[in-house]
Amino acid sequence: MNTNLHWQTQFDNSIAQNANPNWLTELRHQAFKRWQTSGFPTLRNERWKYTELMPLAQTEFHLSKNTSSDHYQDLLPETIENSLRLIFVDGQLISELTSDEIYLATLVNTLKQNPAKIEPYITNKNSIDSITDLNTALATDGMVIFIPANCNFTRPIHLIYLYTQIQNNMVHMQNIVHLAEGATATIVEHHIGKDDNRYFSTSFNSIKLEKNANLTYYRWQEQGSDAYHINRTQLMQATHSNTAFFSFDLKGHLVRNEIFQEFIGENAECKLTGLYLGRGKQHIDNYITLNHAVPFCRSEQLFKGILDDRSHGVFHGKVVVSKDAQKTDAQQHNANLILSDKAEIDTQPQLEIYADDVKCTHGAAIGQLDEEALFYLESRGINADIAKQMLIYGFAADTLQHVEQSTLHAFCQTRIRHYFPEMPLLQDELK
Amino acid sequence: MSQNNPSLDALLARDYEHGFVTDIESDRLPNGLNEDIIRAISAKKNEPEFLLQWRLKAFHHWLTMTEPHWSHIYYPPIDYQAVSYYSAPKSKADAPKSLDEVDPELLATYAKLGIPLKEQEMLAGVAVDAVFDSVSVATTFKSKLAEKGIIFCSFSEAVHEYPELIEQYLGSVVPYTDNFYASLNSAVFSDGSFVYIPKGVRCPMELSTYFRINAASTGQFERTLIIADEGSYVSYLEGCTAPKRDENQLHAAVVELIALEKATIKYSTVQNWYPGDKDGKGGIYNFVTKRGDCRGSNSKISWTQVETGSAITWKYPSVVLRGDNSIGEFYSVALTNNRQQADTGTKMIHLGKNTRSTIISKGISAGYGQNTYRGLVKIAKSAVNARNYTQCDSLLMSDKCGAHTFPYIEVKNPTAKVEHEASTSKISEDQLFYLLQRGLTTEDAVSMIVNGFCKQVIRELPMEFAVEAQKLLGISLEGAVG
Amino acid sequence: MLNVKNLHVKVEDKNILNGIDLQVNAGEVHAIMGPNGSGKSTLSNVLAGRDGYEITDGKVTYLAQDLLNMAPDERARAGIFLAFQYPVEIPGVNNMYMLKAAVNARRKQQGLPEVDAMDFLAMVKNRMRELKMDEKYLSRDVNSGFSGGEKKRNEILQMLMLEPQLAILDETDSGLDIDALKVVAEGINALRSPERAIIMVTHYQRLLDYVKPDFVHVLSEGRIVRSGTAELALELEKLGYSWIAEEAAE
C-alpha cells in the first residue's frame with residue numbers, strides 16, 4: 001500500500017470518529033497536510049542528528065481500536081499514597097474521576113463541554129517539526145487539568161498511560177495542564193507498555209504556570225521493549241513561578257523526550273532532573289531547551305545516563321539567554337556512565353547567550369565506575385558484582401535527591417529498584 | 001542594566017593598525033571560476049600533470065557542493081564568480097633568489113607589519129616564509145635549515161623540487177572532497193608553505209609564515225603542508241594581516257599536518273586579518289580548514305590560535321588521533337568586537353589506543369560581536385582508554401554581544417573518560433574595582449583581567465608570538481610567558 | 001588631610017550613612033568601631049570610590065581636592081589605599097605583576113621614574129620577609145588559592161609597597177590568628193609617620209592592642225555617636241555595643 005495513502009486512511013478514520021469543533025477539524029487538516037509533505041524528520045535535520053526514525057517511516061501503524069480491558073492489570077505501577085489515579089489503556093480513559101477542587105477531564109469531554117478553555121493551548125502548539133503536525137493531526141484524547149488560583153492541591157495526580165496493543169498500533173495523546181496564579185500541584189505522567197509488540201506513541205504536553213504557581217512534575221517512561229515513543233513537553237513559566245521537573249526514561253525501544261521550557265516572567269525558577277537507563281538495543285534521546293527570555297530567572301539541569309549493552313544515549317541540552325535576560329543564572333550538567341563496549345553516547349550541552357550580565361555554566365562528563373569506590377566496597381567483603389550494582393544504582397538514585405515529597409520519594413525509589421533486581425535492600429528501605 | 005565603561009569602549013574601539021595598502025603592480029587573473037581559470041593557474045605555476053588533474057577533480061566536486069550554513073554566522077551570499085582566484089606581485093615573473101632581489105616596497109610592507117625579514121634573519125632566528133596575496137615571496141634561512149635536511153619553502157617550489165612528497169601527502173589529511181571551502185581551495189590554491197622535517201631532527205628554530213592579502217577583490221587560497229617524520233619536532237608560526245578595504249575579501253586556506261611516529265608538531269596562529277569597520281563594513285571572510293593527523297604512535301599535534309581579526313572566522317583546527325598514545329591539543333583565544341562573528345573550535349577524533357586530547361577555549365565578546373565555540377570530541381570504538389578534557393570559557397564585555405558554546409561529544413568506547421566544562425560570565429566588577437583601587441587605569445585593569453582570562457592559551461605561544469598576541473588583545477605582557 | 005562633612009549615603013534606597021563628620025590629619029591613626037551593620041564598610045568603600053553607593057548629601061575633601069568627584073583609580077594614585085575586607089581573586093593575573101604595575105602607576109603620578117624589575121623584586125622580598133610571607137606568593141595569581149590570613153597579609157604587603165598617604169584598613173584583623181595579627185600590626189606600625197594617616201575600621205578592640213590609635217570613633221546606625229581616645233576602645237571591649245543603642249535612644 002502506498003504510505004501516504006495509508007496515513008490518509010488513518011487520518012480520515014480519525015476525523016470521522018471524532019466530532020470535533022470546526023476550528024479543530026480545520027487545524028487537524030492543515031497539520032495533516034504539512035505532515036504529508038514533510039514526513040518523518042531525517043538525520044539531515046540537525047535536531048535529529050543522532051536519532052534515526054527510518055524504521056518508523058517504514059512501518060504502517062494503525063490507530064488503536066477499543067481495547068478489552070483485561071490485559072493491563074499486570075502493567076499497573078504501585079499506588080502513590082493519597083494520589084488521584086487516572087488510567088488510560090491504549091489511549092482511552094477507563095474510569096472517569098472528578099474533583100471538587102480542580103478541573104479534571106479528558107480532552108474529548110472538554111472539547112464537548114468547554115472547548116474555549118483549551119483552544120489556545122491546541123492552536124498555539126509550537127510547531128517545531130513534522131512530529132508536532134503528526135500529533136496535532138492524530139491526537140484525539142488526553143487529560144486536561146486546571147488548578148484554580150491559590151489552590152494548594154496536595155494529592156499527587158497520577159496519570160497512567162498503558163499500552164497493551166497488538167502489533168503495529170499507534171496512540172497519540174495530548175495533555176493540557178494549567179496552574180492559575182498561586183496554585184500548587186504535583187503531577188505524575190507515567191507511560192508503561194507491554195513488551196515485544198512494536199507500537200508507536202506520541203504524547204504532547206502543554207503546561208503553563210501563572211504567577212507564583214508551583215508545579216512538581218514527574219515523567220516516567222517505561223514503554224515496552226519494542227515501543228517507539230516521542231514525548232514533547234512545552235512548559236511556560238510566568239513571574240515567580242517554580243517548577244521541579246523529573247524525567248525518567250527507563251525502557252522503550254526508541255524514545256525521544258523533548259522539553260521546551262520558557263521563562264516569560266521574571267524571578268521564576270526551573271529545576272530539571274533526568275535519568276536515562278539504556279539496555280539491550282534501546283535508543284534514548286533527550287532534547288532539552290531552556291529559554292531565558294526575561295531577566296532574573298534561575299534554571300538548573302542535571303541529566304544522568306547509564307548505558308549498557310548496545311544502547312545508545314543522546315543528550316542535547318540547550319540554554320538560550322535572550323538579549324534582555326540580564327542576571328540569568330543557568331546551570332547544566334550531563335553525566336554518563338558507559339558500561340559496555342557496544343554502548344554509545346552523544347552529548348551536546350549548549351549555551352547560546354545574548355546578554356552580558358549572566359552566570360551560566362555547563363558541563364558534561366563521560367566515564368566509568370570509580371575503581372577506588374569499587375575496591376573499597378570489595379574490601380568490605382561485598383561481592384564484586386553486587387558492589388558494581390550498588391555503585392550504578394547510587395549513580396542513578398542521585399537524581400532523587402531533589403524529590404522532596406516523601407511519598408513520591410518512596411515511589412520513585414521502588415520504581416527505579418525494579419531495574420536493579422540484584423541489589424540488596426538498603427537499610428532505610430527495610431523499615 | 002549593564003552600563004559600559006567609556007574608557008573600556010575606547011579601548012575596544014581602537015583602530016586596525018595594519019590597514020595600509022601596498023602599491024605594487026600585480027599580475028592577476030580575471031574574476032570568476034571555471035576550468036580555464038584552473039588550467040591557467042596550473043600553467044602559470046608550471047605544475048606537473050598530477051596536480052592539474054587533482055585540481056580539476058576538486059573543482060568538479062566543488063560544483064556539486066553547496067555552501068554550508070550550519071554555523072552560527074550570518075553574511076550576505078558570496079558571489080564566487082566575482083572573485084579573482086590568482087593575484088601575484090608582478091616582479092614574481094623572475095622570482096627573487098634571495099631577499100636582496102625582493103621588491104623593496106614589499107619588504108617595507110613586512111617591516112610595517114612588524115616582520116622585518118632581514119632583521120629577523122640576523123636577530124630573531126625565525127625562518128619566515130611570507131605569502132603576499134597568493135604567492136610566496138621569500139623564504140629566509142633556507143640554507144641554514146637545509147644543512148639539517150629540513151625543507152622549508154613555498155608550496156610552488158615544493159611542487160617542482162619534491163613532487164613525490166607532494167603527491168604522497170597532499171590531500172591525505174584534508175581530501176579535496178572534505179568540505180565546500182576545502183574543495184574550492186584544492187581547485188584554486190596558488191601558493192603556501194611546505195615543511196618537511198626528516199627523521200629524528202629537531203628543527204632548531206621556529207618556522208614562520210606571514211600571510212597578507214593586498215590586492216582588492218582577490219581571494220587568498222593558500223595551502224600549507226607540514227610533514228614531521230619519525231621522531232622529529234617542529235614549531236610553526238603563522239601570522240595574518242590584510243589592508244583595510246570596504247568590500248569583503250575571501251580567504252579559504254587549507255593546512256594539513258602529518259606527524260609520524262614520535263613526531264611533534266606545534267602550530268601557532270595569530271590571526272589579525274582586517275575585521276571590517278565598526279559598522280561591519282568590509283573585512284575578511286576567513287573560511288579555513290586546518291587538520292592534523294597523528295599518524296604514528298606517540299605523536300603529538302598542538303594547535304594554538306589567537307583570533308582577533310576577520311569579519312567572519314570559520315575554522316576548526318582538528319586532530320585525528322590515529323596513532324596509539326598520540327596527543328592532540330587545541331588552545332584558542334577568539335575575540336570578536338564590533339560586528340565580528342566567529343564560529344571556531346576544534347575536532348578531536350580519537351581512533352588509537354590511549355589517545356589524549358585537551359581543549360582550552362577562551363572567547364571574548366565585545367561590541368556587537370558574536371562568538372561561538374563549536375567542537376567535536378569523538379571517541380571511536382577502537383580508541384581504548386581515550387581521554388579528553390575540554391574547558392570553554394566566555395567573557396562578555398557588552399550587552400549587545402553574544403557568546404555561544406556548542407560542543408558535540410560522541411563516545412563509542414566504554415573506557416573513555418571525557419570531561420567538558422564551560423562557563424559564561426561578564427567581566428567582574430569586583431576585580432575591576434580592586435585593580436582601580438590599586439591605582440591602575442580602567443584600560444590597564446581591563447587588559448590585565450582579559451590577559452589573565454587568556455593566560456592558559458597565551459602561555460602556549462612561543463615568546464615572540466605571545467608578545468604580538470598580547471599587543472593584539474590590547475594587553476601588556478604579564479608573566480604568562482617564561 | 002581628610003575631611004568628611006555631613007556625609008549621607010544610600011544603598012538601594014536604604015539609608016546607610018546618616019551624616020558622618022570626620023577630620024583626619026597627617027600623622028594620626030583613627031579607629032572606627034561599631035557593631036555589624038553600623039555602616040563601617042560602607043564608609044571605607046565610599047572613600048575608595050566603589051560603585052553602587054548613592055551619596056545624597058555631604059562633602060569629602062582630601063588634600064584640598066573634592067574626593068567624591070575623583071575616579072577610584074585617581075584616588076588610589078593620589079595616595080588612598082584600601083585594604084579590603086574580602087580581597088577578590090583574579091585568576092591568571094600574577095600577584096607581583098599587578099603590584100609592580102600599581103607601584104609604577106603611583107610613581108608616575110608622583111613624577112618618579114618607574115622601578116625596574118630587579119629593584120622591585122628586591123623591595124618586595126624585603127617586605128615579604130618582614131611580613132613573614134613565603135616567597136611562593138610571588139608567583140601566585142592575585143589572591144588565588146590564598147587562605148583568609150594570607151589574603152590579609154598580601155593586602156598589607158601591597159600597602160607597604162604603595163606607601164599611601166591615607167590607608168584605610170577595612171576589618172583587616174578579622175580572620176587572623178594571634179601570630180598573624182602581630183605581624184600585620186607590625187606592618188601597619190611600620191607605615192606610621194608624620195606625613196601619613198591611617199583609618200582602621202574594626203569590630204573588635206584586639207588590633208588596637210598592637211596599633212595604638214590616637215582617636216577612636218564609634219559608629220552606630222550611620223552616625224558617629226562617640227569619639228574619644230584609645231580608652232574608649234577599652235570601654236567598648238568591656239561593655240560591648242549595646243549601651244550605644246540605649247544611649248542613642250535617650
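Buried means under 20% relative accessible area, exposed means over 50%, and partly exposed lies in between (1.4 Å probe, protein chains only). Keep that scale in mind for this tour of a predicted model.

This is a predicted model, so local features need pLDDT of at least 70 and side-chain atom pairs count only at pLDDT 80 or more, while totals for chains, interfaces and linings use all residues. Residues are numbered from 1 along each chain as its sequence is written, chains are lettered from A and ligands numbered from 1 in the order in which they are written, and side-chain values use heavy atoms, with hydrogens and water left out.

**Stop 1: a pair in chain B**

Select B:K426 and B:E429. They form a salt bridge, with the closest N and O atoms 3.5 Å apart. A salt bridge here is a side-chain nitrogen of Lys or Arg within 4 Å of a carboxyl oxygen of Asp or Glu. Is B:K426 buried or exposed? B:K426 counts as buried because its relative accessibility is 18%. B:E429 is partly exposed, at 47% relative accessible area.

**Stop 2: chain A as a whole**

Chain A has 10 helices and 20 strands. Helices (H or I, at least four residues) and strands (E, at least two) are DSSP runs, numbered from the N terminus. The C-alpha trace of chain A spans about 70 × 50 × 45 Å along its principal axes. A compact globule of 431 residues would have a radius of gyration near 22 Å, and the 21 Å of chain A agrees with that. That radius is taken over C-alpha atoms, and the globule rule is 2.2 Å times the number of residues to the power 0.38. Of the 431 residues in chain A, 59% are buried.

Now think about contacts, meaning heavy atoms within 4.5 Å. Take those in chain A between residues at least 6 apart in sequence: 84% join residues at least 24 apart.

**Stop 3: salt bridges inside chain A**

Over all chains, the structure holds 48 salt bridges. Select A:K304 and A:D398. Their side chains meet in a salt bridge (2.7 Å, N to O). The two lie 94 residues apart, so this pair links distant parts of the chain. A:K304 sits in strand β16 (residues 298-307) of chain A, and A:D398 in the loop between α8 (384-397) and α9 (406-417) of chain A. A:K304 is buried, at 8% relative accessible area. A:D398 is partly exposed, at 27%.

Next, select A:R298 and A:E300. They form a salt bridge, with the closest N and O atoms 3.1 Å apart. A:R298 is partly exposed at 30% relative accessibility, and A:E300 is partly exposed at 23%.

Then select A:R47, A:D129, A:R232, A:R256, A:E258 and A:D285. A network of salt bridges links them.

**Stop 4: chain B against chain A**

Show both chains. The contact takes 34 residues from chain B and 39 from chain A. The two chains bury about 2,900 Å² between them, 51% of it on carbon and sulfur atoms. Buried area is the accessible area (1.4 Å probe) that two parts lose on being put together, summed over both.

Which residues form the salt bridge here? Select B:K412 and A:E344: their closest N and O atoms are 3.0 Å apart.

Color β24 (402-411) and β25 (417-426) of chain B. These are the elements that give two or more residues to the side of chain B that touches chain A.

**Stop 5: chain B against chain C**

The contact takes 20 residues from chain B and 30 from chain C. Select B:F433, B:Y434 and B:R438, which supply 35% of the area that chain B buries against chain C, more than any other three residues. The area buried between the two chains is about 2,100 Å², with 64% from carbon and sulfur atoms.

Three salt bridges are counted between chain B and chain C. In one of them, the side chains of B:R438 and C:E155 meet (2.6 Å, N to O).
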